[in-house]
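Good morning, and thank you for coming.

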Amino acid sequence: MQTRKTYTLEEATKKAEHYCAYQERCHKDVREKLKTWYMIPEAIDLIMVHLLNENFLNETRFAEAFVSGKLRIKKWGRRRLTLELQRKEIHKTTINIALSKIDANEYLDIFNLLAEKKAGAIQESNIYKSKKKLIDYLLYRGWESHLIYEKATELFGN
């Protein structure tokens, strides 16, 4: 029989501090991690309060870092960013604050570069199929439909 590693409250707290210091985390991720360490709910609550008080955990800071990183690296649009933050149980107000920090010009530059790069990579002779592939790709990435349809028309015509 395999024995599972258990931690004292102090050990788990230190480990959780390192976990949060390494990279921004949301409350949900930290709770899930503590559960994998077989911590009881009372201990999880104590550790969460400690992490919040010591500023290891901050939902607004997490949301801003998440939005910034996913926009620049994965090229996600506002709709996808919102959806992913909701999956992490981030409050709507916090999501809106994080999204408001996006620079409008940078956002459009990323969108245009992504759309043009994808349009150039589509290997399709039928212009309508090409346009549909581009639209589907950008919708999946979470970009707003009005931006997508304008860009698709610009690149492929009607």
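In which helix is the place of Thr13? Thr13 sits in helix H1, residues 9-22. Here helices (H or I, at least four residues) and strands (E, at least two) are DSSP runs, numbered from the N terminus.

Before I continue, a word on conventions. This is a predicted model, in which local features need pLDDT of at least 70 and side-chain atom pairs count only at pLDDT 80 or more, while totals for chains, interfaces and linings use all residues. Residues are numbered from 1 along each chain as its sequence is written, and side-chain values use heavy atoms, with hydrogens and water left out.

Let me return to Thr13. Its relative accessibility is 13%, so Thr13 counts as buried; buried means under 20% relative accessible area, exposed over 50%, and partly exposed in between, with a 1.4 Å probe and protein chains only. Apart from its neighbours within four places in sequence, Thr13 is in contact with Ile47 and His50, where contact means heavy atoms within 4.5 Å.

H1 also packs against helix H2, residues 27-36, at an angle of about 140 degrees, with the axes 11 Å apart. Axes are lines fitted to C-alpha atoms, for helices over the stretch in contact, and angles run from 0 to 180 degrees between N-to-C directions. The crossing of H1 and H2 is right-handed: a crossing is left-handed if the near helix is turned anticlockwise from the far one by less than a right angle, and right-handed if clockwise. From H1, Ala16, Tyr19 and Cys20 meet Asp29, Val30, Lys33 and Leu34 of H2. By class, this contact of H1 with H2 has five nonpolar, no polar and two charged residues. In this scheme Ala, Val, Leu, Ile, Met, Phe, Trp, Tyr, Cys and Pro count as nonpolar, Asp, Glu, Lys and Arg as charged, and the others, Gly among them, as polar.

I turn now to Ile95, which lies in helix H6, residues 92-100. With 2% relative accessibility, Ile95 counts as buried. Apart from neighbours within four places in sequence, Ile95 is in contact with Thr82, Leu85, Gln86 and Ile90. The C-alpha atoms of Ile95 and Thr60 are separated by 7.9 Å, although these residues are 35 apart along the chain.

Next, the aromatic rings. How many aromatic pairs does the count give? It comes to five, where rings of Phe, Tyr and Trp (its six-membered ring) pair if their centres lie within 6.5 Å, and planes under 30 degrees apart count as stacked, over 60 as edge-to-face and the rest as tilted. The rings of Tyr107 and Trp143 have centres 4.7 Å apart and planes at 45 degrees, so this pair is tilted. Tyr107 lies in helix H7, residues 104-121, and Trp143 in the loop between H8 and H9, so the pair ties together parts 36 residues apart in sequence. Both Tyr107 and Trp143 are buried. For Phe111 and Trp143, the centres are 5.2 Å apart and the planes at 50 degrees, so that pair is tilted. Elsewhere, ring pairs link Phe62, Phe66 and Trp76 into a cluster.

Finally, the axes of helix H8, residues 127-140, and helix H9, residues 145-156, come within 10 Å and cross at roughly 150 degrees. H8 passes H9 in a right-handed crossing. Among the residues making this contact are Leu134 and Leu138 of H8 and Ile148 and Phe156 of H9. The contact divides into ten nonpolar, three polar and one charged residue.
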